[in-house]
Amino acid sequence: MTAATHSTLFPQVPESPDAVLEGLDPEQREVALALHGPVCVLAGAGTGKTRAITHRIAYGVRAGILQPSTVLAVTFTNRAAGEMRGRLRQLGASGVQARTFHSAALRQLQYFWPKAVGGELPRLLERKVQLVAEAAARCEVRLDRNELRDATSEIEWSKVTQTVPADYPAAVAKSLRDAPRDPAELAKIYATYEQMKRDRSVIDFEDVLLLTVAILQDRRDIADHVRAQYQHFVVDEYQDVSPLQQRLLDLWVGGRDNLCVVGDASQTIYSFTGATPDHLLNFRTAHPNATVIKLVRDYRSTPQVVHLANGLLSQASGRAAEHRLELVSQRDKGPEPVYTEYTDEPAEAEGTARRIRDLIAAGVPAGEIAVLYRVNSQSEVYEQALADAGVPYQLRGAERFFERREVREAEVALRGAARAGGNDALLDGAEGLPSQVRAVLSTQGWTHRPPAGSGAVRDRWESLAALVRLAEDFERAKPGATLADLVRELAERAAAQHAPTVQGVTLASLHAAKGLEWDAVFLVGLTEGMMPIAYAKTDEQVEEERRLLYVGITRARFHLALSWAVSRSPGGRAGRRPTPFLNGLRTGSGGARGGAGGGGGIDRGTRTRSATTAARAEGTVQRKKWGPVRCRVCGRTLTEAGEMKLMRCEDCPSDMDEGVYERLRAWRAARAAELSQPVYCVFTDKTLMAIAEAVPGSERELVVIAGVGHRKMSRFGSDVLAICAGEDVDEGDREGAGER
C-alpha cells in the first residue's frame with residue numbers, strides 16, 4: 001500500500017529552477033509554469049497532481065517569483081499535508097506552509113483572538129460526543145452510543161453547510177438528506193448543544209472555521225494582515241470543499257487572482273459530510289480569466305484498468321459527469337479485469353483469498369494487495385477467509401470485526417444467554433440456533449429491518465446482522481449446534497483474528513481507500529443494493545455511488561478483480577444481481593450506453609428458462625433474509641433437508657419436466673459407472689429433481705441450485721445444460737466450463 005505516487009527516500013535536490021521542471025510531462029510542466037492569475041487544474045486519478053502542484057510551488061520559489069512564507073497550500077488530511085511539505089523540502093522549497101483548513105484556521109485564530117476578542121481562546125473540544133449526549137439528555141432524548149455518533153454527524157454537517165439549528169429541518173428536506181431521526185428533535189439537540197458550549201466557554205472544530213470567518217469578516221485590519229502574510233494559495237482536492245471552507249478561502253484570498261485549485265469532480269465521494277464539487281465546477285464562472293489545465297495521462301494504472309474506469313464514467317449523468325476526464329494510460333498493457341460471480345458470500349471470500357494467495361506465491365507483496373468493500377461490516381468474512389488461508393492482513397479505517405464495541409457487547413450477551421440456557425426468558429419460543437441469536441441480539445439493537453439511511457446506527461446494525469448470518473451459516477454446517485457451541489466458535493474466530501497486526505493485505509472500505517493505490521485490487525460484494533447502496537435514493541446519491549466505484553477501480557495499478565455473490569449463504573436462493581454500474585462494461589451484460597468492453601465477462605446464456613428460474617434470475621423469487629424457509633407452493637415451513645433443496649413440500653405439486661428428469665437419471669447412471677462411484681456422488685435424486693424443475697439455461701442458473709456448486713459445475717455442468725436444452729451430450733466434452 002502506498003500513497004498515490006512513488007519517490008525515493010533521499011532524492012537529490014534540483015540544482016536550478018529549470019532542473020525542477022525536468023521529468024514533468026507537457027501538461028504538468030504547464031501547471032508548474034502557470035504562476036500568475038487564477039489556475040484550475042483538473043487532474044484525473046493517477047495523473048500526478050501532487051507532483052505537478054509541488055513542482056509548481058518549488059519552481060516559483062526557486063525562480064524567485066514566490067516567497068516561501070507567502071505561500072499557503074491547503075489540503076484535507078494531515079497525511080497529505082505532511083507529504084506535500086516533504087516533497088517541497090526535497091525540491092528545495094522549505095518554508096512553504098502546507099496545512100489542512102482546520103490547522104491553518106486554528107493557527108490564525110490563536111494568534112488573533114486576544115486582539116479581536118480579548119482574553120484566551122476558549123478551550124477546544126477534542127471530541128464533542130459527550131457534550132452532545134448531555135444536550136440530548138437535557139432535551140429528554142435518550143440516545144445510545146451509535147445514535148450519539150449520528151446526531152454528532154448531523155451537527156457537523158449543519159455547521160459546515162452554515163445551517164443554524166432553526167433552519168436544520170428545512171435544510172434536510174431541501175437537500176433530500178436522510179436524517180437518522182426526527183429533524184425537529186435533532187434541531188433541538190443541536191440548539192441545546194450550542195448553548196451549552198457558550199455556557200462552558202468551549203468551541204469545537206467547526207467553530208474554529210466559523211470563528212475565523214467571523215473575525216476576518218468583522219475586522220478589516222486582521223483580514224488585511226492575513227492577506228499581507230499569504231499572497232499565493234494552492235488548494236488540493238478542491239472537489240471536497242464545503243461551503244464553510246469555501247467562505248474561509250474567499251476571505252483569505254480577498255478578491256485577488258493568485259489562487260490555484262486542483263481537483264476531479266469524478267472523485268467527489270464525501271457529499272454526506274457537506275462536501276460539494278460545485279466550487280470546482282463553477283471555478284471558470286467565478287474566475288472568467290482562469291487558466292484551466294487538464295491532467296489525463298495516467299501513470300498509475302494499465303490500459304485495461306483505465307479502459308474500465310473510463311467506461312464506468314461514460315455512463316454517468318449529472319454535472320460532474322459533464323466534466324469527466326478521459327484518462328490515457330501511460331503504462332504497458334496488463335491483464336484484463338477479472339469478473340467473477342460466486343454462489344454465495346463465503347464462496348466469494350474464499351475464492352478471493354485463494355486468488356490473493358496465488359498472487360503472493362507469484363511474487364506480488366502482500367502489502368501491495370487490497371480488498372475493498374462498500375461498508376465496514378463486510379470485512380468479517382474476508383478477515384476469516386484470509387486467516388484460514390494463512391494470508392496476513394491489516395484493516396484500514398476500521399476496527400477489526402471482533403474488536404468492534406457492538407460485537408464485543410453482543411458476544412457478552414450471547415455468552416450470558418448460553419450460560420442461562422432454558423432459564424433465559426429471551427429464548428422462550430425461540431427454536432433453533434439462528435432464532436435464539438436473533439432473540440438475544442434484538443436487545444442489542446438488531447431488528448428484522450435495517451434502520452433507514454447510513455451512519456453509526458446502520459453500522460451497528462450491519463455488525464449485528466453479520467453475527468446473525470454467521471449463526472445461520474454455523475447451524476447449516478453443524479446441524480443441532482447450540483448457543484454454547486456458537487459462543488465457542490466466536491471465541492476461536494476472535495482469537496485467530498487478534499494476532500498482532502503485520503504488513504499484509506489491506507482490507508478497507510472504498511471511502512478509506514481514497515488517495516491510495518496497490519498493485520492488485522479486489523473489489524468485492526458488488527451486488528445491487530450494496531453498490532449502489534440501498535439507501536442511495538436520489539439520482540445524485542446514485543451517481544456518487546458510481547463515483548465511489550470509480551475511485552475503487554482507479555486504486556489498481558496492474559491486477560483488478562471484481563466479484564459478487566448471487567446469494568448470501570450456501571444453498572440460498574440466487575436472488576441477487578450484480579451492480580448495474582457494470583452493465584455494458586463486461587461481456588454478457590447489457591444496458592450499455594457506451595464505454596468499455598473487455599474480457600473476463602460471464603456468459604449468462606439465452607436458453608429458454610422455466611418461470612421459477614426466470615423469477616430467480618430477476619430477483620423476484622428470493623428466500624427471505626430472516627426466518628424459516630417456506631414452501632414456494634403452500635407456504636408451509638420446511639424442516640427436511642430434501643424439501644429445503646426443492647424449496648417445496650414433498651407432496652406439493654411439482655412443475656418438474658419429467659423428460660428432463662429421466663434423461664438426467666440415465667446420464668447420471670452412465671457417468672457414475674465411468675467414474676466407478678455410487679450415483680449419489682454425481683448428484684442426489686433431490687438435486688436431479690431440483691434441476692428438472694428449474695431447467696437451468698445457463699451456468700449461473702445451474703450453479704446456484706442446492707447440491708451443484710462450483711466443483712460439480714466444473715465437472716458436469718456442460719452435460720447437464722445440454723440435457724436441459726434438449727441436446728445430445730457430447731462424449732468429448734465431459735468437463736464443464738468452470739468459473740471464468
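Arginine 219 is partly exposed, its relative accessible area being 26%; buried denotes a relative accessible area under 20%, exposed over 50%, and partly exposed the range in between, for a 1.4 Å probe and protein chains only. The structure is a predicted model, in which local features need pLDDT of at least 70 and side-chain atom pairs count only at pLDDT 80 or more, whereas totals for chains, interfaces and linings use all residues. Residues are numbered from 1 along each chain as its sequence is written, and side-chain values use heavy atoms, with hydrogens and water left out.

The side chain of arginine 219 meets that of aspartate 221 in a salt bridge with an N to O distance of 2.9 Å. A salt bridge requires a side-chain nitrogen of Lys or Arg within 4 Å of a carboxyl oxygen of Asp or Glu. Aspartate 221 is likewise partly exposed, with a relative accessible area of 33%. In general, side chains of opposite charge can pair when their charged atoms come close. The structure holds 39 salt bridges.

A further salt bridge joins glutamate 83 and arginine 87, whose closest N and O atoms are 2.8 Å apart. Both residues belong to helix α4 (residues 78-90) and are separated by 4 residues, about one turn of the helix. Helices (H or I, at least four residues) and strands (E, at least two) are DSSP runs numbered from the N terminus. Glutamate 83 is partly exposed at 23% relative accessibility, whereas arginine 87 is buried at 12%.

Glutamate 237 and lysine 514 also form a salt bridge through their side chains, at 3.3 Å from N to O. This pair links distant parts of the chain, 277 residues apart: glutamate 237 lies in the loop between β7 (232-235) and α12 (243-253), and lysine 514 in the loop between β15 (505-509) and β16 (516-523). Both glutamate 237 and lysine 514 are buried. Elsewhere, a network of salt bridges connects Lys159, Glu194, Lys197, Asp204 and Asp207.

Lysine 197 also takes part in the contact between two helices, being among the residues of α9 that meet α6. The axes of α6 (residues 129-138) and α9 (residues 183-200) come within 8 Å and cross at roughly 115°. Here axes are lines fitted to C-alpha atoms, for helices over the stretch in contact, and angles run from 0 to 180 degrees between N-to-C directions. The crossing is right-handed; the term applies if the near helix is turned clockwise from the far one by less than a right angle, and left-handed if anticlockwise. From α6, the residues Leu131, Val132, Glu134, Ala135, Ala136 and Arg138 are involved, and from α9, Ile189, Thr192, Tyr193, Met196, Lys197 and Arg200; contact means heavy atoms within 4.5 Å. The residues of this contact comprise 7 nonpolar, 1 polar and 4 charged, where Ala, Val, Leu, Ile, Met, Phe, Trp, Tyr, Cys and Pro count as nonpolar, Asp, Glu, Lys and Arg as charged, and the others, Gly among them, as polar.

A search of the whole structure finds 9 aromatic pairs. Rings of Phe, Tyr and Trp (its six-membered ring) pair if their centres lie within 6.5 Å, with planes under 30 degrees apart counted as stacked, over 60 as edge-to-face and the rest as tilted. Tryptophan 667 and phenylalanine 683 form a tilted pair, with 6.2 Å between centres and 35° between planes. Tryptophan 667 lies in helix α26 (residues 658-675) and phenylalanine 683 in the loop between α26 and α27 (685-694), so the pair ties together parts that are 16 residues apart in sequence. Both of these residues, tryptophan 667 and phenylalanine 683, are buried.

Threonine 100 is located in strand β4 (residues 97-100) and is buried at 9% relative accessibility. Tryptophan 564, in strand β17 (residues 556-565), is buried with a relative accessible area of 0%. Valine 381 of helix α18 (residues 379-388) is partly exposed at 24% relative accessibility. Apart from its neighbours within four places in sequence, valine 381 is in contact with Glu345, Pro346 and Ala349.

Overall, the protein chain contains 29 helices and 17 strands, and 54% of its 740 residues are buried. Of the contacts between residues at least 6 apart in sequence, 76% join residues at least 24 apart.
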